[in-house]
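Good morning, colleagues. Please turn to the sequence and the model on the screen.

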Amino acid sequence: MNKLIKCFEKNSFQTDILKDVYGISNKEHFDCIFVAPTWTPDKIFDKKIKIKQIFSGRFANTFNIKHNKKNYLFITLQIGAPNIIDFCLPCYKTHCDNFVFIGSAGALVPEIKIGDIIVPEYAISGNGATLYLHDKLDSKNIFEKMYSTKKLNKQIVNVCCNKNIKALSVPVISIDSIISEYQHLDKFSAMGAKAIEMETATFLGCMKTIKKKASAILVISDNSATGEHLIGRAEEDKKHYHNIRRQISDILLNI
């Protein structure tokens with residue numbers, strides 16, 4: 001067992017964190033667990049899809065989705081990598097092998113447009129939370145690359161192709177602050193990052209730690225390279241972004 005998990009087990013006082021904090025039974029099998037900071041299922045899925053809220057708490061809202069004889073879990077967390085790490089690590093106990101992170105990202109290059117869908121091969125860890133996944137805290141591990149599971153990524157991309165949905169495989173960087181990111185955008189671009197958000201690297205790092213398959217699906221909401229900023233977007237851009245986000249349901253329900 002991973003050293004980090006051993007330490008967690010030793011100090012958890014036998015508390016079932018998944019059940020008590022997130023309302024998730026470690027006995028139920030799920031085909032895939034969708035992790036989505038701030039996004040609720042109604043922003044993605046049609047009303048015809050059978051969705052049942054099974055938990056509402058301070059830190060999360062949890063939903064069960066049953067579709068085509070498959071059983072999915074959808075959890076809405078608060079924004080930020082610390083919330084990702086505290087949820088994901090206890091998931092080593094779940095009866096689920098596949099995890100998909102769902103969220104938005106900002107483009108760093110002009111060729112990526114608002115509404116584009118990204119399925120990144122890896123995310124660069126530019127946040128502090130990911131450092132805690134290592135046995136020893138070391139600032140040298142900042143900007144480490146966290147990789148998606150190749151097989152799950154390929155499955156998602158194949159679904160996109162079958163649904164005539166364009167999916168880009170470009171690197172993203174995960175950072176801690178939206179306001180503070182702008183003075184460092186040139187550095188991030190020099191690292192090869194073409195999009196920016198806050199949690200994907202930590203999510204992928206957590207899943208590697210607990211030996212689960214993981215991928216991410218991100219929708220571009222803004223573009224700093226073209227001056228299409230998140231705050232103050234044109235109504236047309238907002239509408240296009242939300243329409244594309246609805247298409248994600250066709251991807252998720254075929255994993």
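I shall discuss a helix pair, then a pocket, and finally a cavity. Please bear in mind throughout that this is a predicted model.

Let me begin with the helix pair. Helix α3 covers residues 81-88, and it packs with α6 at an angle of about 20°, the two axes lying 9 Å apart. How are α3 and α6 oriented to each other? Angles under 35 degrees count as roughly parallel, and the two helices, α3 and α6, are therefore roughly parallel to each other. The crossing in which α3 passes α6 is right-handed. On the α3 side, the contact is made by Ala81, Ile84, Ile85 and Cys88. On the α6 side, Thr202, Phe203, Cys206 and Met207 make the contact. Which classes of residue meet there, in the contact of α3 with α6? Seven are nonpolar and one is polar, while no charged residues take part in the contact of α3 with α6.

Helix α6 also brings us to the second largest pocket. That pocket holds about 150 Å³ of space. Its lining consists of Asn2, Leu133, His134, Asp135, Glu144, Met146, Gly205, Lys208 and Thr209. Two elements, β8 (144-147) and α6 (200-209), each give two or more residues to the lining of this second largest pocket. The largest share comes from α6, with 3 residues. By class, the lining of the second largest pocket has 4 polar, 3 charged and 2 nonpolar residues.

How many cavities of 30 Å³ or more does the structure hold? The count is 1 cavity of 30 Å³ or more. About 80 Å³ of space lies in the largest cavity. Its lining includes Phe8, Glu9 and Ser12, together with Thr15, Asp16, Ile17 and Leu18. Pro90, Tyr92 and Lys93 also line the largest cavity. The elements that give two or more residues to this lining are α1 (3-11) and α2 (17-22). By class, the lining of the largest cavity has 5 nonpolar, 3 charged and 2 polar residues.

Thank you for your attention.

Definitions and conventions
Residues are numbered from 1 along each chain as its sequence is written. This is a predicted model: local features need pLDDT of at least 70, side-chain atom pairs count only at pLDDT 80 or more; totals for chains, interfaces and linings use all residues. Side-chain values use heavy atoms; hydrogens and water are left out. On a 1 Å grid over the protein atoms alone, a cavity is a set of points where a 1.4 Å probe fits but cannot get out, and a pocket is an open set with protein on both sides within 12 Å along at least five of seven lines; lining residues have an atom within 4 Å of a point. Grid points are joined across faces, edges and corners, and a volume is the space filled by probe spheres set on the points. Helices (H or I, at least four residues) and strands (E, at least two) are DSSP runs, numbered from the N terminus. Ala, Val, Leu, Ile, Met, Phe, Trp, Tyr, Cys and Pro count as nonpolar, Asp, Glu, Lys and Arg as charged, and the others, Gly among them, as polar. Axes are lines fitted to C-alpha atoms, for helices over the stretch in contact, and angles run from 0 to 180 degrees between N-to-C directions. Angles under 35 degrees count as roughly parallel, over 145 as roughly antiparallel, 65 to 115 as roughly perpendicular and the rest as oblique. A crossing is left-handed if the near helix is turned anticlockwise from the far one by less than a right angle, and right-handed if clockwise. Contact means heavy atoms within 4.5 Å.
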